[in-house]
Amino acid sequence: MTGRRGGRPLVPAYLSTGGLAGPGRARLDRLSVLSAAPAPRPADLPAAQLALLDVLDGGSLTVVEAAALLRLPVSAIQALAAALLDRELLLSRPPVPPAERFDPDLLKRVADGLRSLRQ
């Protein structure tokens, strides 16, 4: 099969996930953080799910990072991760919320205070 310019092969997501068409009960954001659960892995897992668990072994990754490492579409990783979450073989947490905007007036006062200390 010929690949696209980006280097990823042109394979439908349901084929790369072993027939999973969509996410299960769990809804995962692109920036949801995934990590492998400490549960033992069953022997009947499809190769794509094993590959995802192998990538997550010993650490945590976002859905997007796992997709990049496995060279699969994000939607495929979401479907694989949802199936693993349903079997309690994967842990997920929501994305880290963006930081609140800083107060420019507070920063100006801190900078003025630091300048006054130098004198």
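**Notebook: helix packing and core**

The model is a predicted one, in which local features need pLDDT of at least 70 and side-chain atom pairs count only at pLDDT 80 or more, while totals for chains, interfaces and linings use all residues. Residues are numbered from 1 along each chain as its sequence is written, and side-chain values use heavy atoms, leaving out hydrogens and water.

I then listed the residues that meet: V63, V64, A66, A67 and L70 from α3, and V74, I77 and Q78 from α4, contact being heavy atoms within 4.5 Å. By class I noted seven nonpolar residues, one polar and no charged.

For I77, leaving aside neighbours within four places in sequence, I found contacts with L34, L52, V63, A66, A67, L70 and L72.

Next I checked helix α2 (residues 47–56), where A48, Q49, L52, L53 and L56 are buried, that is, under 20% relative accessible area with a 1.4 Å probe and protein chains only. They cover an arc of only 140° around the axis, which puts them on the same side of α2. Just after α2, I noted that G58 takes a positive phi of about 85°.

Last, I looked up the largest nonpolar core, in which L34, L52, I77, L84 and L90 touch the most other members among its 22 residues; α4 gives the most to this core, with seven residues.

Methods. Helix = DSSP H or I, 4+ residues; strand = E, 2+ residues; numbered from the N terminus. Nonpolar A, V, L, I, M, F, W, Y, C, P; charged D, E, K, R; others polar. Buried < 20%, exposed > 50% of the residue type's maximum accessible area, 1.4 Å probe, protein only. Arc of directions from axis to C-beta. Core = buried A, V, L, I, M, F, W, Y, C linked by side-chain atoms within 4.5 Å.
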